Amino acid sequence: MSQNAYLPKLGRIAAIKEEVPGGRAIKTFRIEFVNGDGFEHDCGQCAMISVFGKGESMISIASAPHIKDYKQFSIMRVGRVTTALHDLNVGDVVGIRGPYGNKFPVKDWKGKNLIFIGGGCGLAPIWPVIQTAVNDRGQFGKISVFYGGRSSRDIMYKNELDKLKGDAEVHLSIDNQEEGWDGYCGFVPANVMSKTPSPENAIAITCGPPIMIKFVIQNLKELGFTDENIYTTIENKMKCGIGKCGRCNVGKDYVCVNGPVYSWAALKDLPQEY
Amino acid sequence: MTKTVAMEKMLKKADLAAWMAKLEQTRLFAPALEDEDVWNYMPVADAKAVGLDHPNTIRPPKGFVFPQREVLYKFSQIPSEAPILTETLPDPEPTVVFGVRPCDSRGLVRQDIVFTKEYEDPYYHGRRAKVIYVGQACNTPPSANCFCSSVGGSPCAEDGLDVLMTELDGVYHVKAVTARGAELLAKGGDLFKEASDADKASVLKTHAAAKAHPQRPIKDLGKVAGALKKNFDSPAWDEMAKACIGCGICTFLCPTCHCFDINDEVTCSSPCSGERVRTWDTCQFPDFTMHTSGHNPRHDLGSRLRQRVCHKFLYFVENHDTQQCTGCGRCVSLCPVGIDIVSVVERLGQP
């Protein structure tokens, strides 16, 4: 293996799925390492994806660690690199280096009820945990997934969420009522409150826009969840992925090394610089 | 970096040029006047002109190991094909840098921590292995903004150096601190005489006198980190940053600042080819931390001043048990609007 952490491995785009159309377009890229020269990862970890000539972006790995043949990334088209990624086709080759960051302590959660709360493209970072739990279904208690988008068009992983239904309770929401929508109408934190999940023997895992996370945590506390049993994953701008370029720090922590996964017990004492 | 040795020799001032002449196949740098009052490290063109009587340079010597622009690798890619990536690890000629002030060599130790602890950065390592630092103790009274002694250093500190030179009357006391420093002295051969007991006593006296010069004090250095943590939400950060124009000079000219950006520089668009480049960056720029969404965790001048000061006096202490400031005073002297890190620490870093 190369000692040079900056030098990416190569990944070929094996499939592209359009999750969400329009201005906040999200596509899921299935990437296979060229010549099998890749790496393994844990739930919650990220990878730097390169479009040569455009740059690199840190993206959370959305496929579960037990899937070895490829890695999946669900990416919203927002900036220079993500726009370039959206313009690529199946067969194109990108750079990929990693994995970066810590992991969700999934092994410690055996026998527990898991409550996932995602918003927008914040479903992607927690999706590997959902997949791991479902793959090893007998090892976990009740699984609930709360997920919301601004509108029904903004809901990603529609088919995959459907498939979860035998293994997990799925509670979808959109911000405003639409014709034909039979799920919850309103914001994600409110949807959680309306179902009052029990904190008993439970872990809550949340990811989404910062404002959503803030109210989700507030509501979970109200429901009786302790700080130690609430997990989230945060993001900051990153360049190196190895704690040297200096920009993703939250206090003394570099999110690329010490994060992105935090229990609220650990995160609440760090400065609000994320 | 290397095993510590202690070899003390004496070199006549007039023989400095002769020593330099013996250092063949090595690039030599020493502080020289680049412009009126502007001292910087320059290639030694005429060894006889090297006086080693400089005040500190405007730029610290960090660029020898962590250059302002470093090509990480070259790429070229035909659409839908795999790119060709060519690693460009540096292999510079052996280099000796003379006249490094102890604050700056302690800055190199901080760079070493960042670039070699936990993961050895191959670009940094490639250069660091080829650069020898010959330090110059500060005998003369410090400048108005020097505060090395207040952050654990001294005008004759050896950390990070291979050789420490101290000017005495007409001679240099030359101490090899590392094995490669000793090799450098060995190349001087007969030019060097063993330091006598009297010479050693004399250099100790000179160092003691240098340390006795008053510098800007920082009270209770050990309590600064805790106080900064307590004052994280103080409105004083905004107040003190009001004059800041966000130029980043304080960080670009800092011997310890290491933050960088990585970007692609495209030389040909079709087929796409170019270089992935690492360049110095600064926490003082708004887009240093701005997310693609536009959200910026450090969105104002106050939060960016706080980041600079807290990185040096709080976070680095928490992570590495030492300050990431060596008291060179550049950020104070060269700030166009007079923001003064010592004053900030005095105000928000005191219990």
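Domain bounds here come from an automatic or database domain assignment. With that in hand, hello everyone, and let's walk through this two-chain structure.

First, the housekeeping. This is a predicted model, where local features need pLDDT of at least 70, side-chain atom pairs count only at pLDDT 80 or more, and totals for chains, interfaces and linings use all residues. Residues are numbered from 1 along each chain as its sequence is written, while chains are lettered from A and ligands numbered from 1 in the order in which they are written.

Let's start with chain B. Its assignment gives domain 1 (4–61 + 90–212) and domain 2 (221–258 + 284–348). The centres of domain 1 and domain 2 of chain B, taken over C-alpha atoms, are separated by 29 Å. Their contact takes 21 residues from domain 1 of chain B and 17 residues from domain 2 of chain B; two residues are in contact if their C-beta atoms, placed from the backbone, lie within 7 Å. On the side of domain 1 of chain B that touches domain 2 of chain B, there are nine nonpolar, eight polar and four charged residues. For those classes, Ala, Val, Leu, Ile, Met, Phe, Trp, Tyr, Cys and Pro count as nonpolar, Asp, Glu, Lys and Arg as charged, and the others, Gly among them, as polar.

Now some strands of chain B. Helices (H or I, at least four residues) and strands (E, at least two) are DSSP runs, numbered from the N terminus, and two strands pair if DSSP finds at least two bridges between them. Strand E2 (residues 27–35) of chain B pairs with E6(B) in the parallel sense over three bridges, with B:Leu28 partnered by B:Val96. E2(B) also pairs with strand E3 (residues 38–43) of chain B, in the antiparallel sense and over six bridges. There, B:Asp35 has B:Val38 as its bridge partner. The hairpin of E2(B) and E3(B) has two residues between the strands, and B:Asp37 takes a positive phi near 65 degrees.

Next, helix H2 of chain B. How many of its 15 residues are buried? Eleven are, so H2(B) is mostly covered; buried means that 20 or more other C-beta atoms lie within 10 Å of a residue's own, with C-beta atoms placed from the backbone. Among the buried ones are B:Cys103, B:Leu108, B:Val114 and B:Phe115. The cover includes strand E6 (95–100), helix H3 (122–128) and strand E7 (131–136) of chain B. Just after H2(B), B:Glu118 has a positive phi of about 75 degrees.

Over to chain A. Its assignment gives domain 1 (9–100) and domain 2 (106–233), with 24 Å between their centres, taken over C-alpha atoms. The contact takes 17 residues from domain 1 of chain A and 15 residues from domain 2 of chain A. Strand E1 (9–20) and strand E5 (71–76) of chain A each supply at least two residues of the domain 1 side.

Chain A also has an open sheet of seven strands, ordered E10-E9-E8-E7-E11-E12-E15, with mixed pairing. Strand E10 (184–185) and strand E15 (261–263) of chain A stand at the edges with a single partner strand each, so one side of each has no neighbour in the sheet. Within the sheet, three bridges join the parallel strands E11 (residues 202–207) and E12 (residues 230–233) of chain A.

Finally, the two chains together: 32 residues of chain A are in contact with 38 residues of chain B. The chain A side has 13 nonpolar, ten polar and nine charged residues.

Conventions
Buried ≥ 20, exposed ≤ 12 C-beta atoms within 10 Å, placed from the backbone.
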